[in-house]
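Student: I would like to work through a structure by question and answer. Please show the sequence and the model.

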Amino acid sequence: MPFSLITADIHLQPDETHPINKTFYRFLQEDAPQAEALYLIGDIFEMWVGDDVGLETFPKAIQQLSDLVKKGTRVYLIFGNRDFLMKSAFWKATGIQSLSDPNLVDFYGEKILLSHGDSLCIDDKEYQKMRRWFRNPIIQWLFLRLPKAKRLAIGENMRKKSQQYNQNKAENIMDVNQGAVESLMARYPECNHLIHGHTHRPGEQTFMVEGAEKHRWTLGDWRPETQLLKITERPGQSPDIEWLFLNGN
């Protein structure tokens with residue numbers, strides 16, 4: 001039966017020989033071509049500070065994504081908090097289609113909501129403040145006109161500060177806020193499933209919204225286990241949603 005794949009938080013590294021990169025390349029060559037569509041819902045790259053830098057840093061990933069699209073697998077991408085600066089050169093080089101966040105997608109007759117997930121972590125007020133600032137088009141325009149070396153230095157410094165900051169956060173602050181999840185799902189009464197990443201806390205949660213049962217699927221990152229969701233068409237029924245685990249890194 002036809003199926004689609006969804007994954008997030010791959011965090012491809014600048015070192016093309018990194019185990020995560022090698023696993024992703026193998027996935028793009030062996031598993032992804034079997035799918036009708038592949039949905040990448042954020043943080044595919046560890047850091048993206050502009051197309052001019054990113055296309056030079058990740059040439060193999062760019063080429064293999066382009067090859068996958070040319071083979072007939074549709075590839076869609078929602079920005080993450082690490083790689084939201086992808087612009088027209090990235091889309092042109094890969095053939096990937098950009099999706100807004102959140103995005104309601106029809107999977108074989110079942111409407112499922114996709115999101116990176118960071119917008120739901122509203123208890124982390126400092127992060128949300130930073131997120132709003134960096135998503136400002138004017139800030140992005142100014143940043144992308146800085147020299148490459150300066151952008152790389154800023155990106156690396158922010159990445160290190162983020163790691164240090166997260167180590168000192170309470171566990172609940174770094175997770176999604178249940179009220180925010182329920183509020184989001186209430187806006188889409190025709191949708192019973194939310195799939196997101198960002199928190200690196202894989203699992204499934206069932207909850208009620210206005211008397212209806214809802215499901216939240218949280219994708220983990222690719223460290224240490226490669227994890228995806230597979231949605232398979234079942235004619236006359238709701239599609240089957242299941243976890244898919246690939247060979248480890």
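Predicted model: local features only at pLDDT ≥ 70, side-chain atom pairs only at ≥ 80, totals over all residues.

Student: What share of the contacts with a separation of 6 or more comes from residues 24 or more positions apart?
Tutor: As background, 48% of the 249 residues count as buried. Among contacts with a separation of 6 or more, the share from residues 24 or more positions apart is 67%.

Student: How much of the accessible surface belongs to carbon and sulfur atoms, and how far apart are the mean positions of the charges?
Tutor: The accessible surface comes to about 12,000 Å², and carbon and sulfur atoms hold 51% of it. The chain has 30 positive and 33 negative charges. The distance between their mean positions is 7 Å.

Student: What is the distance between the end C-alpha atoms of helix α1?
Tutor: Helix α1 covers residues 19–30, which is 12 residues. At 1.5 Å a residue, the helix should span 16 Å. The distance between the end C-alpha atoms agrees with that, at 16 Å.

Student: Which elements are included in the cover of the buried residues of α1?
Tutor: The buried residues of α1 are I20, N21, T23, F24, Y25, F27 and L28. Their cover includes β1 (3–7), β2 (37–40), α3 (59–71) and β10 (227–232).

Student: Is D9 buried or exposed?
Tutor: D9 lies in the loop between β1 and α1. Its phi is near 55°, a positive value in a residue other than glycine. The relative accessible area of D9 is 0%, so D9 is buried.

Student: Where is H198 found, and what is its phi?
Tutor: H198 is found in the loop between β7 and β8. At 17% relative accessibility, under the 20% limit, H198 counts as buried. H198 is not a glycine, yet its phi is positive, at about 80°.

Student: Which residues does T199 touch, leaving out those up to four places away in sequence?
Tutor: T199 is in the loop between β7 (193–196) and β8 (203–209). Its relative accessibility is 10%, so T199 counts as buried. With residues up to four places away left out, T199 touches C121, M174, D175, V176 and T218.

Student: Which residue is joined to P102 by a cis peptide bond?
Tutor: P102 lies in the loop between β4 (97–99) and β5 (103–107). Omega of the bond is about 0°, and the residue joined to P102 is D101.

Student: With which residues is L146 in contact, beyond its neighbours within four places in sequence?
Tutor: L146 lies in the loop between α6 (137–143) and α7 (148–167). At 30% relative accessibility, L146 counts as partly exposed. Beyond its neighbours within four places, L146 is in contact with R151 and I154.

Student: Is R187 buried or exposed?
Tutor: R187 is found in the loop between α8 (178–186) and β7. The limit for this class is over 50% relative accessible area. R187 has 55% relative accessibility, so R187 counts as exposed.

Technical notes: Residues numbered from 1 in each chain as written. Heavy atoms only, no water. Buried < 20%, exposed > 50% of the residue type's maximum accessible area, 1.4 Å probe, protein only. Contact = heavy atoms within 4.5 Å. Areas by Shrake-Rupley, 256 points an atom, 1.4 Å probe, with all protein chains shown as cover. Lys, Arg positive; Asp, Glu negative; His and termini not counted. Charge placed at Lys NZ, Arg CZ, Asp CG, Glu CD. Helix = DSSP H or I, 4+ residues; strand = E, 2+ residues; numbered from the N terminus. Expected span 1.5 Å × (residues − 1).
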